[in-house]
Amino acid sequence: MPGDVRFVERPEAESSYVRAISQGLGITVRHFLRPDKPTQQYPDEKWELAPRWRGTHRMAVHEDGRAKCVGCGLCPTVCPVNCIKLIPAEDENGERYAAVYEIDEFRCIFCGFCQEVCPVEAIHLGVHYENAEYTRERWVYDLARLCENDHPVTALWDPADPSSE
Amino acid sequence: MSDAANQITLTIDGVDVKVEAGTTVLQAAERAGIVVPHYCYHPGIPSRPAQCRMCLVEIEGQPKLQPSCVFPAGDGMVVHTASETAETARKSVIEFLLLNHPLDCPICDAAGQCMLQDYAFETGQLRSRYAEAKLVLGRDRVADDILYFGDRCIICTRCVRFMEDIAGDNALVVAQRGHKAYIDTFPGKDLDHAFRGNIVDVCPVGALVHEDFVFKARAWDMDSSAGICPGCSTGCNIDINVKENRIVRTKPRLNPDVNSYWMCDHGRRCLVATNLRERAEAPMIRAAGELEPASWNESIEWVAERLVSGPGVSVVSAGLSNETLFYSHLLLEWLGIAGGAFRVETGEEIELKGFPKLKLRAERAPNGKGAELLGFRRTDSLPEVPDGATLVALGDGLEGAPAEYGANAGFFLYIGSHLPAAAHNATAILPATTVPEMEGTFVNFEGRVQRFHRALRPPGVARPAWMFLSRLLERLGAGQGVLDIRAAFAAMAAETPGLQDLTWGGLGLRGALLNGDGQPAVAAGEGAAWKR
């Protein structure tokens, strides 16, 4: 047999698992008997999210339903993961608008830079997290879908103290 | 450089700088590496109205601030460009300019390369003290293809003075006065000068925008590479701006020996147009009756096995680079096809009055002189193809050829970047890159050899023609295959009279004149950085 194998005898009190098991069960029983129940009946009950929660994007729209985006190209420039695709164009009034605007929510890291950099407060992160889909393609949100989203928008900073972190 | 007696020394911000008498303070400061902000002054436009008041500097002994763009430098002068008085004056000018400026940088095409944005940022005034409503002038069209955004304009009058001093056509004027002033065409006149596109380049802000470019790309989205305009035999030095592998804009690149700060509108259009039409993307061989795509190895082998020396005709192009023409000539020599020829499109010659050397020349191809130097001659028409002869079409787009052109040839080798109808009669098609997709050299009308750099990725497996032609020649046992443009240039220079003393690296960004025929070879340095 290669090498020396030593067998160490430990006292029964140390090696027994009975004590650890009862300790663990003790925790279980304590929680079982708790008066407040932390388990939540999702999706019937939903979490209350913080106002600064950074989730699914949302595009602000004008009263007539047009997106507020002017296609300036700052969000694709600032985006650290290149998840925004923007092709600007000229509309019939000679105004600049986003002919193509797509956000890949799969690639997005929800840093909020796009919202911070937007000069017309058009693109926002949202206080929203439920975006399961059957296909990967559905995770690329186009402009129409971003405009349709109506969840609350993220407050990136405390409105009472905007210069603080 | 003139003699020492003509030299004066002055001190600018503590830096001693020696310049020739007659230099302005602003130019002297530039020499010392100090940028004095300015709008109305443009080094290429002779008139200096000193009206923007941006370049005011403090000069010791002068009672007031002086506009450095017109104030001549004097011996022993002490200049402060960044003293408190000068800075305050500059801040006030910026504040005035921004009174009615819409601050629409997010949608302005000049953002990122705007002098107003840069200097406003530098002086650091984040808030305007102007509480009244801004004057709105809206937008106008000063030419068929140039838009004017009146709100953004700072009335530096560079565009007006370009048209007056350089183009010699007083088509633009400043209409109205004071804060209501705007740029307009002279009543009853149209801005239709062939060099009008330059007013967009001289505009220090985003007031003048080319319609083809409006909202196309942000300044920071574009890559820029140094090219040569293929529009005519002048060979203007240009910057090719590329976004996502498409040319979105071409701008003149400063070369005092060729085009100064300018280029014509024909040149601006012709490169952007190369984005279009059906491209040859893979080698094709007619192995079993039909043209089928094949690999490069396979095609070169296949072509080399079938090419035979014998009767034949050829057509090349004055749009090809020197290196390509050199290897084309070797191939035609091997084939025994004498006297390759090229067709050149011609058009009206248009002058630029303020810079007479620069013209839109009648010969609308960049390298006619180079093709002649490398042993080709001009022709007016496509050669007749005798039945069963070898036909080599190299770089010529076969414009005006009937659809069945070349169908009766024994072997029709088509080498080109695009696929006209007649190219489908070819026995083999070898896909070449267009000029912006490769490196190379052209020889312009006066014999200046100029280098151009690659701006685009070629489509498919298209390669520079000199590269695969040299490989084909190696396979035919008539040369050495090269993969490097330096080696291709060296091989050509060694065998071509006029090019012998030139090297690829030595051409730099400003090019060099051909030696021989009485012209000395000019050692060329790197071109000066492009300045507005």
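Which exposed residues does the face of α11(B) turned away from its buried side carry? The legends below take up this question within a predicted model.

**View 1. Chain B as a whole.** Chain B of this predicted model is built with twelve helices and 26 strands, and its C-alpha atoms fill a box of roughly 85 × 55 × 40 Å along the principal axes. Of its 532 residues, 48% count as buried. Among the contacts that join residues at least 6 apart in sequence, 61% link residues at least 24 apart.

View 2. Helix α11, which spans residues 485–495, has as its buried residues B:Ile485, B:Ala488, B:Phe489, B:Met492 and B:Ala493. These residues lie on the same side of α11(B) because they cover an arc of only 130° around the axis. An α-helix has 3.6 residues a turn, so residues three or four places apart point the same way. On the face turned away from this buried side are the exposed residues B:Arg486 and B:Ala494.

**View 3. The largest nonpolar core and B:Val57.** The largest nonpolar core comprises 177 residues, and those with the most contacts inside it are B:Val57, B:Cys159, B:Leu208 and B:Leu413. When neighbours within four places in sequence are left aside, the residues in contact with B:Val57 include B:Val25, B:Val36, B:Leu65, B:Val79 and B:Ala86, and also B:Gln66, B:Ser68, B:His80 and B:Thr81.

Note on methods:
Residues are numbered from 1 along each chain as its sequence is written. Chains are lettered from A and ligands numbered from 1 in the order in which they are written. This is a predicted model: local features need pLDDT of at least 70, side-chain atom pairs count only at pLDDT 80 or more; totals for chains, interfaces and linings use all residues. A residue is buried if 20 or more other C-beta atoms lie within 10 Å of its own, exposed if 12 or fewer, and partly exposed in between; C-beta atoms are placed from the backbone. Helices (H or I, at least four residues) and strands (E, at least two) are DSSP runs, numbered from the N terminus. The arc is that of the directions from the helix axis to the C-beta atoms. Two residues are in contact if their C-beta atoms, placed from the backbone, lie within 7 Å. A nonpolar core is a set of buried Ala, Val, Leu, Ile, Met, Phe, Trp, Tyr and Cys residues joined through C-beta atoms within 7 Å.
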